[in-house]
Amino acid sequence: MDVLVKYSLPELENFVESLGEMKFRARQLYSWIYSKSVSDFDKMTDVKKDFREMLKARAVILDTKIKKKQVSSDGTIKYLIEYSDGNCAETVLMRFDNRSNLSACVSSQVGCHMGCDFCATAKRGFVRNLEPYEIISQILTIQQDTGLKITNVVFMGQGEPLNNYDNVFSAIKRINEDLNIGIRRITISTCGIADKIKKMCENTLVPTLAISLHCPDSALRRQIMPVENRFPLDTLKDSLKYYCDKTGKRVTLEYILIGNLTDTKEMAQKLCDYIKDLKCNINLIPYNPICEGRYKKSAKKDTMAFKYLLESQGKKVTIRLERGADIDAACGQLAGRE
Ligand code: SAH
């Protein structure tokens with residue numbers, strides 16, 4: 001069976017021609033798959049019946065299955081997607097009452113080998129990279145299932161996107177071209193692979209960048225995020241400045257507030273020093289409990305004190321809304337389990 005989501009438009013044209021059909025049929029298919037997000041050839045009403053029958057015998061649109069779907073009380077939907085080799089990873093639809101954005105949070109790998117101590121994906125270890133079409137399939141799955149059109153994509157599911165560089169950037173090109181989502185609405189989150197951050201600045205399409213900073217103190221960061229050994233904070237900062245200079249954009253610094261560890265006044269002060277000369281916004285993330293976790297949430301008063309100190313330095317600070325925690329769909333809770 002041919003899996004149509006693997007094909008770009010020119011490849012779809014070749015496929016259609018190989019079935020003895022006119023090239024323009026590929027455009028029809030393309031529009032049904034990506035604009036109208038149908039899951040079934042029979043719904044392609046302007047495709048003639050005998051061609052639909054041929055397609056049903058020869059091809060599928062996606063080769064993935066929804067293994068499990070959970071809907072949170074806040075409207076977040078988490079899908080556990082099973083790939084053709086039996087491996088599973090999540091994708092999450094996030095919607096916010098007061099915004100028209102519909103964001104897909106996609107996985108770039110099954111598992112992850114970065115080993116961050118607070119993250120459930122890390123506890124699972126690394127399984128494999130996802131192919132570009134397997135990333136596109138996550139967005140199409142959401143669109144097919146809900147009938148909604150995704151407007152924003154964040155690479156904040158399982159995996160470290162910059163460790164699956166070629167596949168992630170091929171996927172970004174297709175998200176932009178095939179799913180028609182502007183590059184400013186595509187965000188990569190990374191734990192800080194500094195050399196790849198510099199490398200991506202040379203691409204034609206450079207996404208918005210979010211950094212899982214989480215700690216401004218190198219010694220403590222090394223304890224909770226092994227990536228600090230390879231790309232310490234000053235190397236990371238160098239790459240962030242490079243990104244800002246090259247693209248003219250700001251970076252978002254993500255910062256998990258872990259009670260009595262990263263939420264102290266001392267850490268807030270160190271963070272202020274770290275970002276003094278950086279064009280950035282800060283997104284504070286409440287710690288989400290994971291099983292086997294040994295950390296705790298920051299107390300409300302410590303969270304607010306942390307926020308005010310940063311704001312007094314003129315930085316824009318937001319606290320990330322906790323989405324989907326009741327279905328283990330929140331940051332750091334994705335582990336591919338049923
Ligand atoms: N590997 C990339 C993409 C993952 S994004 C990265 O590190 O950025 C998932 C985000 O959730 C990251 O910022 C991650 O550090 C954060 N996270 C992980 N575990 C968490 C937890 N228990 N509570 C809150 N956020 C967590």
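Colleague: Which residue lies over the face of Y242?
Modeller: This is a predicted model, in which local features need pLDDT of at least 70, side-chain atom pairs count only at pLDDT 80 or more, and totals for chains, interfaces and linings use all residues. Residues are numbered from 1 along each chain as its sequence is written, and side-chain values use heavy atoms, with hydrogens and water left out. A charge sits over a ring if NZ of Lys or CZ of Arg is within 6 Å of the ring centre and within 35 degrees of the ring normal. At 5.4 Å from the ring centre of Y242, the residue over its face is K198.

Colleague: Why does the pair of Y7 and F15 count as tilted?
Modeller: A search of the whole structure finds five aromatic pairs, where rings of Phe, Tyr and Trp (its six-membered ring) pair if their centres lie within 6.5 Å, and planes under 30 degrees apart count as stacked, over 60 as edge-to-face and the rest as tilted. The ring centres of Y7 and F15 are 5.8 Å apart, and the pair is tilted because the planes stand at 40 degrees.

Colleague: Are Y165 and F169 buried or exposed?
Modeller: Y165 and F169 also form a tilted aromatic pair, with 4.6 Å centre to centre and 40 degrees between the planes. Under 20% relative accessible area means buried, over 50% exposed, and in between partly exposed (1.4 Å probe, protein chains only). By that criterion, Y165 and F169 are both buried.
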